[in-house]
Amino acid sequence: MFKKKILDKLERIDDLPTLLTIALEVERLVKDPNTSVEKIEYLIKNDPSLTAKVLKVANSATYSGTKRIMSLHQAITRLGFDEISKITLAITFLNTFKPKNIDYEQYWIHSITTGYIAVKLNQLSDDEIDADSVFTGGILHDIGVLILDQYFGDIYKKVFEIAGNKNLDLALIEQNVLGITHAEVGAILLQKWKLPLQITDIILNHHNPKNSISAQRDTKLVYIANFITNNRGYDNGTGFFPVHFYDDIWEDLNLSTNVIPKIIDEVENELEQARSFLRLGGR
Amino acid sequence: MLDSQISISLEEFFLFRNYVHQEYGIALKDEEITQIGSRLTRLMLESKSTNFKDFYLKAKNDATNKLKDGIIDTITSVETDWFRDTNPWLFFRDKILPNFIDDLRNKRRENVVIWSAGASTGQEPYSIAMLVDETVKKEPKINSKQFFILATDISPSSLYIANSGRYSEISMKNEMLKAYKSKYFEKTDKIYEIKNEIKKMIYFMKFNLLNNMDDLPTFDVIFCRNVATHFSLDMKIKLYEKLAEKLDSKGMLFIGKDESLNSYSNDFERFEYQESSFYRLRKIDV
């Protein structure tokens with residue numbers, strides 16, 4: 001089994017990707033009551049490429065409204081700390097991994113769309129609750145796939161192909177062939193990199209949301225959002241088309257079936273936003 | 001000699017469900033236990049299995065994959081199918097619809113109200129809509145809007161899939177569907193999506209058949225096929241009682257090929273037409 005080999009290697013990955021250092025520091029700062037726009041601006045400016053991308057995304061239709069944002073300072077003030085933190089973290093991941101076999105664009109369109117849909121589902125539910133981690137958790141839910149592709153490309157290529165050819169659940173094939181799933185791998189590495197607990201929880205449990213301890217509602221939102229994105233035809237690259245989700249998870253979220261037509265309509269919007277985000281903030 | 005139906009215990013069902021999930025990534029729902037049992041009977045008989053456990057072991061060790069393929073086919077067709085059982089649909093298309101068209105043309109009625117009760121993932125209501133559209137298109141003076149199709153189910157998951165109208169290649173393998181595929185579906189990669197004009201013909205709604213039906217309209221045709229199989233005796237009696245109240249005096253009720261109403265209701269009379277059957281309200285002699 002490959003499980004031990006994978007766990008060992010994950011353990012040995014020491015270096016935090018540069019951009020991630022910045023993004024995590026932004027995240028920490030945003031929670032600090034003594035923070036300021038200038039402090040965050042100063043941090044992001046450490047990386048010109050990151051700065052440029054944050055600005056581009058901030059200026060996209062999704063975030064900027066009609067007035068053009070001319071500086072990082074303006075972006076932070078206009079969008080707010082939370083939004084800037086989320087955008088910075090997302091851009092970081094878009095630029096951190098070098099896909100070997102995975103289709104970069106397909107993967108990220110799937111992931112970012114899932115993030116946006118999860119946010120929308122929360123808004124459409126009858127008890128819209130603060131879902132802080134849902135956007136980031138949605139975008140990163142399949143990060144284990146990229147990690148496995150990056151560090152275990154040859155082995156993983158076969159797994160990925162089997163899942164795609166037979167229209168089978170990727171996690172099941174991974175469990176059978178590798179002894180470990182992309183959900184576990186993603187959670188392990190991101191936990192090592194000290195991402196917030198709620199995010200790693202979502203990543204670990206996005207196929208089994210009821211197992212989530214610290215972020216169950218967010219995980220359930222991502223679970224359904226993942227289904228919706230896949231149903232729309234944008235899977236994570238495996239070609240997996242889902243035929244069912246667990247009804248009780250939908251009901252737990254207090255989602256009415258009356259909003260289904262609205263969701264289906266809105267998916268087109270979310271897809272557009274995802275494409276835009278990737279184009280402006282990605283490689 | 002084996003019984004005509006091998007029943008499957010809960011334990012065996014769970015065993016089978018795990019196996020199917022492990023092997024094929026397919027998640028069987030709790031409610032499918034009865035259907036699975038009867039569906040697998042044929043395969044079990046063919047493989048000369050004396051009981052379910054025997055069958056399960058044969059399937060696990062099947063090197064030719066023939067048995068495995070048979071299982072996959074059986075399981076994926078447990079979900080509602082397109083034009084299920086064919087004959088009732090031919091009857092609907094060749095006799096019932098033309099009669100309605102005639103009524104509409106001669107202004108004997110304004111519209112036709114159809115209910116797909118227990119519509120699951122949408123194949124049944126879309127089957128209805130395709131046939132209506134095909135028939136109506138031949139009539140210049142009739143509009144498909146004169147046909148109101150209500151499709152209800154209790155499952156959000158099924159309703160989502162039905163609303164999206166998107167189906168994988170595996171679930172498109174029906175014989176009668178072949179003639180309608182290119183006309184009514186758009187294909188992207190391995191996914192078929194039913195065309196918008198057909199989607200628009202159906203009103204999808206969450207509805208529990210155990211609930212009060214007072215707010216529903218009166219229907220000219222009700223499809224309630226293979227839904228009541230999961231219900232208890234009591235529930236079945238109540239269901240058919242309510243359906244009788246919702247059916248127009250000249251309306252038709254279609255139930256599943258292997259189902260029967262007789263033990264549960266006196267309100268209906270059974271009619272047969274070329275290997276398909278349907279029910280009408282029994283006329284009361286005053």
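Leaving aside its neighbours within four places in sequence, which residues is I222(B) in contact with? The legends below, which describe a predicted model, take up this question in the first view.

**View 1. Surroundings of I222(B) in the largest nonpolar core.** Once its neighbours within four places in sequence are left aside, I222(B) is in contact with W115(B), A117(B), L243(B), K246(B), L247(B), G251(B) and L253(B). The largest nonpolar core has 143 residues, and among these I222(B), L253(B) and I224(A) touch the most other members.

**View 2**

**View 3. The contact between chain A and chain B.** In this contact, 17 residues come from chain A and 16 residues from chain B. On the side of chain B that touches chain A, the elements that give two or more residues are helix 1 (10-24), helix 7 (156-164) and strand 3 (166-168) of chain B. Helix 7 of chain B gives the most to this side, with six residues. Sorted by class, the side of chain B that touches chain A has eight polar, six nonpolar and two charged residues.

**View 4. Domain 1 and domain 2 of chain A.** The domain assignment of chain A places residues 3-14 + 99-281 in domain 1 and residues 18-95 in domain 2, and the C-alpha centres of these two domains of chain A lie 24 Å apart. Between them, 14 residues of domain 1 of chain A are in contact with 14 residues of domain 2 of chain A. Helix 9 (134-140) and helix 17 (260-281) of chain A are the elements that give two or more residues to the side of domain 1 that touches domain 2, and helix 17 of chain A gives the most to that side, with six residues. By class, this side of domain 1 of chain A has nine nonpolar, four polar and one charged residues.

**View 5. Chain B as a whole.** The secondary structure of chain B comes to 10 helices and 10 strands, and of the 286 residues of this chain, 37% count as buried. Among the contacts in chain B with a separation of 6 or more, 74% are accounted for by residues 24 or more positions apart.

Note on methods. Residues numbered from 1 in each chain as written. Chains lettered and ligands numbered in written order. Predicted model: local features only at pLDDT ≥ 70, side-chain atom pairs only at ≥ 80, totals over all residues. Contact = placed C-beta atoms within 7 Å. Helix = DSSP H or I, 4+ residues; strand = E, 2+ residues; numbered from the N terminus. Nonpolar A, V, L, I, M, F, W, Y, C, P; charged D, E, K, R; others polar. Core = buried A, V, L, I, M, F, W, Y, C linked by C-beta atoms within 7 Å. Buried ≥ 20, exposed ≤ 12 C-beta atoms within 10 Å, placed from the backbone. Domains from an automatic or database assignment.
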